[in-house]
Amino acid sequence: MIIFPSEHYELCNRVVHDFLDINIFNGDRDIGDAIGMLLPKYLFREQYHRCLEVFEELYRWSGDTFFHNIGAFHEVALYYFLVAMSDLLHDNPDFSEIYFNEEIRKLVDEACRDDSVEESELDEEREYYLSIDSYIDMLFNDLDFLDIDIAINNHRFGNLVLEDFLGFDVDYYFEILPLDIQEEYRRKNKSNCITLFSEVGELFQYLDDRAMHKELYKLFWENDKPVYESRIQLILGSIIDAFFHDRGVEIIREASTGSGNVDFLFHRNAGIDEKVLLEVKCASSISYLRHGFEKQLVAYLLSSKYKHAFYLVVCFTDEEYALTKKFISENVYTEEIQLYVNIRILDLRKRPTASVL
């Protein structure tokens with residue numbers, strides 16, 4: 001499942017998956033032909049294979065049971081796909097019967113019940129969930145990428161109004177910039193990645209891959225029990241040190257932020273003074289996770305004036321994993337400051353061995 005800014009994430013994922021299945025992935029139609037008219041011309045022309053990959057990821061991720069974080073490229077692809085579906089809705093009187101099948105309608109009814117809608121308002125609420133335009137509102141926290149050209153042009157000339165006052169995150173949208181502008185930023189920052197933020201994001205991809213496929217999770221179990229949080233910090237610290245070796249990144253543990261100590265502070269000053277915060281918590285309870293998120297990490301951001309942070313939740317059991325998914329659906333997009341906080345799951349549940357498989 002994809003993490004969307006809606007508590008009805010099962011419904012949202014089912015709608016996205018089924019619509020992609022009907023319009024792009026069902027039949028013999030070439031995927032490139034299907035999406036060629038949807039995306040901005042420069043993006044499709046310059047990053048054709050990445051465009052195909054992004055749509056395939058949206059399709060796969062919206063159809064499985066794991067939580068997936070999407071990036072700027074995914075947001076752009078999904079937005080323009082839904083806009084095209086909205087146009088189709090207005091042109092096809094049979095749209096609802098074709099696209100909103102019985103399973104989706106059951107999820108719509110569940111969403112209406114969860115919203116505690118009065119009986120007299122039920123039909124109106126149901127119509128809301130059966131409208132494509134509603135999903136354009138539900139699935140995106142903002143549509144900043146529609147103004148990426150204005151933001152990047154202003155940024156190049158030192159005009160940071162969109163970033164400083166409206167919270168526009170130019171760094172986040174690096175992957176959807178024209179390739180010549182990407183290359184210019186790489187040269188400027190003397191790095192293969194535009195920002196430290198994106199490199200910390202790569203760290204979590206590395207951890208996910210090693211935990212899933214390379215038995216990294218075994219380091220966090222001892223005598224058939226999960227290790228303590230202090231031990232988790234030590235293991236992660238060693239992995240982080242190795243990952244950022246020779247990248248010019250300073251890693252400060254238990255760094256003071258003005259309102260307390262954050263678990264890890266990543267800092268690099270190479271033309272641009274970059275700082276990223278990381279707080280790590282075990283998934284013991286919703287209240288514990290919420291305290292670490294709202295009372296610690298968000299407070300650190302506010303007091304330190306840093307822009308970017310990650311909240312890493314460690315899960316050892318199926319129950320903890322389900323609890324964390326619930327926490328993410330309820331908290332990931334609740335306050336403006338949290339636009340800069342990325343909640344990630346470190347899945348350390350035991351995997352079956354090869355002999356068992």
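Phe95 lies in helix H6, which spans residues 95-99. The coordinates discussed here are those of a predicted model. With a relative accessible area of 0%, Phe95 is buried, the cut-off for this class being under 20%. Beyond the residues up to four places away in sequence, Phe95 touches Phe19, Met85, Leu88, Leu89, Phe100 and Ile132. The C-alpha atoms of Phe95 and Leu130 lie 10.0 Å apart in space, while 35 residues separate the two in sequence.

The protein chain as a whole contains 16 helices and seven strands. Of its 357 residues, 49% are buried. Among the contacts in the chain with a separation of 6 or more, 65% are accounted for by residues 24 or more positions apart.

In soluble globular proteins, nonpolar side chains tend to be buried together. In the present model, the largest nonpolar core comprises 61 residues, and the members that touch the most others are Phe55, Phe81 and Leu139. Helix H5, formed by residues 72-91, supplies the largest share of this core, with ten residues. Apart from this core lies another, of 32 residues, which includes Leu196, Ala211, Val314 and Leu346. When residues up to four places away in sequence are not counted, the contacts of Phe81 are with Phe19, Leu20, Asn23, Ile24, Leu38 and Phe55.

The packing of H5 against helix H4 was examined next. The axes of H4 (residues 48-61) and H5 come within 10 Å and cross at roughly 80°. This angle falls in the range of 65 to 115 degrees, and the two helices are therefore roughly perpendicular to each other. On the H4 side, the contact is made by Arg50, Cys51, Val54, Phe55, Glu57, Leu58 and Trp61. The residues contributed by H5 are Phe73, His74, Ala77, Leu78 and Phe81. Classified by residue type, the contact of H4 with H5 has nine nonpolar residues, one polar residue and two charged residues.

Tyr135 is located in helix H9, which covers residues 132-138. A relative accessible area of 1% places Tyr135 in the buried class. Leaving aside neighbours within four places in sequence, Tyr135 is in contact with Leu11, Val15, Leu82, Phe100, Val108 and Tyr129.

Arg344, in strand S7 (residues 341-347), has a relative accessible area of 16% and is buried. With residues up to four places away in sequence not counted, Arg344 touches Asn69, Gly201, Phe204, Phe310, Tyr311, Leu312 and Val313. Phe204 is 140 residues from Arg344 along the chain, and the C-alpha atoms of the two are separated by 7.8 Å.

Gln296 belongs to helix H15, which runs over residues 286-304. Its relative accessible area of 17% likewise lies under the 20% cut-off, so Gln296 is buried. The side chains of Gln296 and Lys281 are joined by a polar contact of 3.4 Å.

Backbone geometry was considered at two aspartate residues. Most residues other than glycine have a negative phi. Asp224, by contrast, has a positive phi, near 65°. Asp224 is situated in the loop between strand S1 (221-222) and strand S2 (225-226). With a relative accessible area of 57%, Asp224 is exposed, as the threshold for this class is over 50%. A positive phi near 65° is also found at Asp246, which is placed in the loop between helix H14 (229-243) and strand S3 (250-256). Asp246 counts as exposed, with a relative accessibility of 72%.

Note on methods:
Residues numbered from 1 in each chain as written. Predicted model: local features only at pLDDT ≥ 70, side-chain atom pairs only at ≥ 80, totals over all residues. Heavy atoms only, no water. Core = buried A, V, L, I, M, F, W, Y, C linked by side-chain atoms within 4.5 Å. Buried < 20%, exposed > 50% of the residue type's maximum accessible area, 1.4 Å probe, protein only. Helix = DSSP H or I, 4+ residues; strand = E, 2+ residues; numbered from the N terminus. Contact = heavy atoms within 4.5 Å. Polar contact = N/O pair within 3.5 Å; in protein donor to acceptor, adjacent residues only side chain to side chain. Axes fitted to C-alpha atoms, helices over the stretch in contact; angles between N-to-C directions. Parallel < 35°, antiparallel > 145°, perpendicular 65-115°, else oblique. Nonpolar A, V, L, I, M, F, W, Y, C, P; charged D, E, K, R; others polar.
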